[in-house]
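Please look over the sequence and the model shown here before reading on. The paragraphs that follow begin with one residue and then widen to its surroundings.

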Amino acid sequence: MNRLFGSRNTAPKPSLNDAIGNVQTRLDSIDVNISKLNAELQTYQQKLSRMRDGPGKNAIRSRAKALLERRRQYESQKDQLMSQSWNMEQAGMMQDNLRNTMATVDALKTTTKELKKQYGKVDIDKIERLQDEMADLMDVGNEIQESISRSYEVPEEVDEAELDAELEALGEEVGFEQEMGLGEGEMPSFLQEGAPPQFIDEPPEANKVKEAAG
């Protein structure tokens, strides 16, 4: 049965990169053949330039023409393979772009699911209540700071009668100091160190001092 219908090919199918690699290998082989033909043609050209017209020159010219025909065939095949390679490279780029697009779409889907899941756990009303509570706490804190920073040194209301009495008392003190013969800022003489009492009318006599001492 296998001889009649053949067996199923179980080998893996070549990928696009494999196909591009095979074409590139064929292109490299064609380039080698063209280089050989160019070398032979250059040799024939040198010979033809030194030979005179005759059967020998005509034979070499025929070989050179055959080589030119073969080179044209190789160049034509090379152009076809280069077109195939370019088409496959474009297909590969499209395939890569499609893969990147699909990966981006999958990432967006996953991110959207996660965002929905996370936002579903957020209670907007609870956040609003927390904001209101925070505002109330800030108001309470401001009231506490204002209460603590309030000054107690100066009374809010001043009694004018008390101020007048205090001024009158200060005036009496100044008059008393002037009567005592004190300048502004001076101490009374009886409080000054080493000063004789002001109640002594006359200085002591020398004889009386000696008698008292004797």
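Lys57 is in contact (heavy atoms within 4.5 Å) with Leu48, Met51 and Arg52, once its neighbours within four places in sequence are left aside. This is a predicted model, in which local features need pLDDT of at least 70 and side-chain atom pairs count only at pLDDT 80 or more, while totals for chains, interfaces and linings use all residues. Residues are numbered from 1 along each chain as its sequence is written, and side-chain values use heavy atoms, with hydrogens and water left out.

Lys57 belongs to helix H3, where helices (H or I, at least four residues) and strands (E, at least two) are DSSP runs numbered from the N terminus. Is Lys57 buried or exposed? Lys57 counts as buried because its relative accessibility is 12%, given that buried means under 20% relative accessible area, exposed over 50% and partly exposed in between, with a 1.4 Å probe and protein chains only.

Further along helix H3 comes Gln77, which counts as partly exposed because its relative accessibility is 31%. Apart from residues within four places in sequence, Gln77 is in contact with Arg26 and Ile30. Gln77 and Arg26 lie 51 residues apart in sequence, and their C-alpha atoms are 9.7 Å apart in space.

Ser85 is also a residue of helix H3, and with a relative accessibility of 6% it counts as buried. When residues up to four places away in sequence are not counted, Ser85 touches Ile20 and Val23. Gly21 is found in helix H2, and this glycine is partly exposed, at a relative accessible area of 32%. Although 64 residues separate Gly21 from Ser85 along the chain, the distance between their C-alpha atoms is 8.8 Å.

The two helices can now be considered together. Two packed helices are described by the angle between their axes and the distance between the axes. Helix H2 spans residues 16-50 and helix H3 spans residues 55-120, and their axes come within 8 Å and cross at roughly 160°; these axes are lines fitted to C-alpha atoms, for helices over the stretch in contact, and the angles run from 0 to 180 degrees between N-to-C directions. H2 is therefore roughly antiparallel to H3, a term for angles over 145 degrees, whereas those under 35 count as roughly parallel, 65 to 115 as roughly perpendicular and the rest as oblique. The crossing of H2 and H3 is left-handed, in the sense that the near helix is turned anticlockwise from the far one by less than a right angle. The residues of this contact of H2 with H3 divide into 20 nonpolar, seven polar and twelve charged, where Ala, Val, Leu, Ile, Met, Phe, Trp, Tyr, Cys and Pro count as nonpolar, Asp, Glu, Lys and Arg as charged, and the others, Gly among them, as polar.

For the protein as a whole, the secondary structure comes to six helices and zero strands. Of its 214 residues, 9% count as buried.
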